[in-house]
Amino acid sequence: MNIIDNPYNEKIVEFTTQSNMRVIVVSKKSFVNQAVGIGTAFGGLTTSVLLNQQEKHLQPGLAHFLEHQLFESELGNIMGEFTKCGANVNAFTSYHETVYYFSTTNPLKKPMTLLMDMVNDVSISEASTQKEKGIILQELSMYDQMPEAMLLKQTFANLYREHPMKNDIGGSKESVQNITHDDLIQAYNLFYHPSQLTMVIVSFEDVNVIKQWIENHPLASKNTQKMDIKPMVVNETFDHLPQSFSMNMDVSQNKVTVALPITSFASTSKARLKQQWAIKVLLESHFSEINDDYQQWMDQGIINELFDYDVDIEQDYGHVLFLFENIKKEEANNFVLEQLQKLTVNKQAFEQMKRRWIFSSLRVFNRPSSIMTQLLHYSLKNDSYFDVIDAIESLTLEDLQQAKDNLETLTSVVEVTKKN
Amino acid sequence: MVKQTQANENFVFKATDKFKDITIVLRRMFSISKQNTTLAALLMYMLEDRNEKYPTKKEMLSIKDHLYGTTFSSGVVGYGKNMVLQIASKVMDPQFADDSKLLEKHSEWFVNMTHYPLLNQETFLEAKAQVRSSLIRDLDQPSKLAQIKAFEALGEDSVIAINLDGDLNTLEETTLQDVQKFFKDVYLQAHTSVYVIGNITKEDAKALYYDTLNIKEHFYPFECEALAKEKIEDVVESKDTTQTQLIKLLKTNVSMDHPLYLANRLAVAVLGQLPTSYLFVEIREKRSLCYSIYSQYIAFDGLCLIKTGIDTSNIDEVKELINQQVGALLDIDEDLLNQAKTMIINAIKNAEDELLSYVNLHYSYALIQQPFSSEQLIKDIQQVSKLDVVQAVSLWEELLTYVLKGEQA
């Protein structure tokens, strides 16, 4: 077992099973709750892959559908089995990953074994696939009635024309209808090989005992052939920008997003993390209470308490997103473009933010479930959670200047507004 | 029954070194009315925004960052005819910070935050605009709108019909003077409880976070009474959305201080709080009629709420299935009952790690004058029998079914 060094003196070890599954164990003796997650880097964006050097296209929403189906077991109601041993089980699919997890204050071995059983085999019938379609379609309808969820869905669908970010994580009603039983089995075989799985355990149990339990499970010694599979890199050209779009919903207040693509990416994931934080620092020093003008913008009704921004940079895409409420889309767009011209590198604000974010990252270790989620997320991207802290700590004023120089000024504006 | 909330519950301390920070929770209780909920919403915004010592947003953020990213948040919780305005702040355990005086500085800042808000016309107008937007935002969410409308349908004479987040009409009539009076006469005079949890001594906790707040120790009359209202005719409204919201309210006649309280809590869990619960299995898993369906026990009002989102064409089928599942509780499956016990006990144990859950549990028991002991509570849950649950469920009565029809569903 390797010890993972970290600035917070947390006891973290990792090892790899015979089947090549990566396992990370965090010892938290003083907590009564424990959290375990198993994840694969199969998410909403995984719609095109190179399989044995051949392009393969998958239906949008396939990862999310498979997440639902893994709870269908020939052994019976697997959720009920978790409940019997006092464990709360659930799963989620993001753009980048699918994660199955549980938390419990009760003995760990049984629910941990159940979780490993769940991902170790897939036993879904044609009938259960049809049944699950109905549930997933209701889930999509639920999100489609939420103004903010619809706004974000439409924002990405407009910003991206080629990249799979244009698709909703759950897919569309049409793509879900098109997913077949065979698609699900094939996706399982591609993305649930142990070498593509990472498991994170946060527990008060002895780490050697946990290791023994894991190594005794068939998932740890599974000897199936590993597929040669790589995500396809899709380069978006953004020739369609600038653009503007309105959609009507039964709402009383309009909401607007202004999105800007990032077209210049750093080459390594650590460098991209640093690039992302550099942009966050730049934006936070201008679009937050740190800026003297912030109060004036509120008083003028340009922004309100819902106003927010976000930065996301990955291997083949990146964007900055601003969210407004109760403002016309043209005004929001002009405001963003005007203010981006005024971005400055403020050393004092930079130090203030570094301090806030570094101590905020420490708080993740207050909850077993937060530790599990964060460690798993970064691990599935072949990064470490502690790289985030390094990225923030190592930022320089030059990094901020470079980030500023690379910001695009082409925008995609989307508005959700009331019907006439 | 009217009980007196005890003055000795003003200060609750819990020592633990498992967290990276120290948490301070301040709870002030007062009665629910449209005025009080609206004034509380305004005051919460103003408390968080700025104060006399830090009169600009910039200064406020700067001091929070200087105090190692200390946090300050507020919210409201309903307890029958009363509500609590809760303030929570987290400050880094000084062992992780490079400042031995951090807690003293935080304490001084916390007093400024809670006792010296900047209540002037400028901050008031900003708060009013933000609260208005927030209330309208909720009404734009069909799920939240349906819940607000379902409770409103119970009538103006029911306290639970009042939205704890505030009332739009009352907001428009509210003045700065109303907020100032509410702050002075209601908020500062309210029965107050302070919780301090973290790596700190009891003496320091009391000196820094209780003595400094000048809390008025007094008794507060607290009434715990299940809602007594006759059945109301079903309400059907519509909205141009993609899903229909269906809410069913049941009068259980069992509130938090009733001998059958735990049996009732287990019944609600078996009905719709587990992945194996009746509603989840019969309506979602077997028939794919919904994605989300659950039941909730509003214990201080003795209400059970059932909520789901469905296609309009399935309204009658789902209503019938819900009735069947409520009926099934009268012959509750023992295996499911045991699963519900296991999960509720798990949640009680978990409250040791989740501070706000702990505060909620402790506070609820203090209100009904039962000292909170997780060990005793777990024993009591284990002793609930099938007969107890059947007895509790036999008291349930239909109250209201509210449907918000999605015109595109």
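Which strands of chain B does helix α8 (residues 202-209) lie across? I began my reading of this predicted model with that point, and I noted that α8 of chain B lies across β2, β3 (21-31), β5 and β6 (191-198) of chain B, running at about 140 degrees to β2(B). Helix α13 (residues 355-367) of chain B packs on the sheet as well, where it touches β2, β3, β4, β5 and β6 of chain B and makes about 35 degrees with the direction of β3(B).

**Entry: the sheet in chain B**

I then looked up the strand order and found an open sheet of five strands with mixed pairing, which reads β2-β6-β3-β5-β4 in chain B. The edges are held by β2 (11-15) and β4 of chain B, and each has a single partner strand, so one side of each is left without a neighbour in the sheet. On average, with direction ignored, neighbouring strands of this sheet are turned by 15 degrees against each other. For β4(B) I followed the pairing to strand β5 (residues 82-92) of chain B, to which nine bridges join it in an antiparallel run. Within that pairing I picked out B:F72, whose bridge partner in β5(B) is B:S89.

**Entry: the sheet in chain A**

In chain A I read off an open sheet of five strands in the order β13-β17-β14-β16-β15, again with mixed pairing. Here β13 (243-249) and β15 (308-313) of chain A stand at the edges with a single partner strand each, so one side of each lacks a neighbour in the sheet. The twist from one strand to the next averages 15 degrees. I traced β15(A) to strand β16 (residues 318-325) of chain A and found that six bridges join the two, which run antiparallel; A:D308 stands opposite A:L323 in β16(A).

I also noted two helices on these strands. Helix α5 (residues 147-159) of chain A lies across β13, β14 (255-261), β16 and β17 (412-418) of chain A, at about 150 degrees to β17(A), while helix α10 (residues 269-286) of chain A lies across β15 and β16 of chain A, at about 165 degrees to β15(A).

**Entry: A:G80**

Is A:G80 buried or exposed? I found A:G80 in helix α2 (residues 78-84) of chain A, and its relative accessibility of 5% makes it count as buried, because buried means under 20%. Beyond residues up to four places away in sequence, A:G80 touches B:T276 and B:Q339.

**Entry: the second largest pocket**

I looked next at the second largest pocket, whose volume is about 1,000 Å³. The pocket is lined by 32 residues, of which A:E289, A:Y294, A:E305, B:Y45 and B:E48 are the closest to its centre. Among the elements that give two or more residues to this lining are α10 and β15 of chain A, together with α1 (34-49) and β4 (71-79) of chain B. The most comes from α1(B), with five residues. By class I recorded 15 nonpolar, five polar and 12 charged residues in the lining of this pocket.

**Entry: the cavity**

How many cavities of 30 Å³ or more does a search of the whole structure find? The search finds one, and the largest cavity has a volume of about 30 Å³. Its lining consists of A:Y95, A:K153, A:F156, A:M165, A:K166, A:N167 and A:D168, which I sorted into three nonpolar, one polar and three charged residues.

Notes
Residues numbered from 1 in each chain as written. Chains lettered and ligands numbered in written order. Predicted model: local features only at pLDDT ≥ 70, side-chain atom pairs only at ≥ 80, totals over all residues. Heavy atoms only, no water. Pairing = 2+ DSSP bridges. Helix = DSSP H or I, 4+ residues; strand = E, 2+ residues; numbered from the N terminus. Axes fitted to C-alpha atoms, helices over the stretch in contact; angles between N-to-C directions. Contact = heavy atoms within 4.5 Å. Buried < 20%, exposed > 50% of the residue type's maximum accessible area, 1.4 Å probe, protein only. 1 Å grid on protein atoms, 1.4 Å probe; cavity = no way out; pocket = protein on both sides within 12 Å on 5 of 7 lines; lining within 4 Å. Points joined across faces, edges and corners; volume = space filled by probe spheres on them. Nonpolar A, V, L, I, M, F, W, Y, C, P; charged D, E, K, R; others polar.
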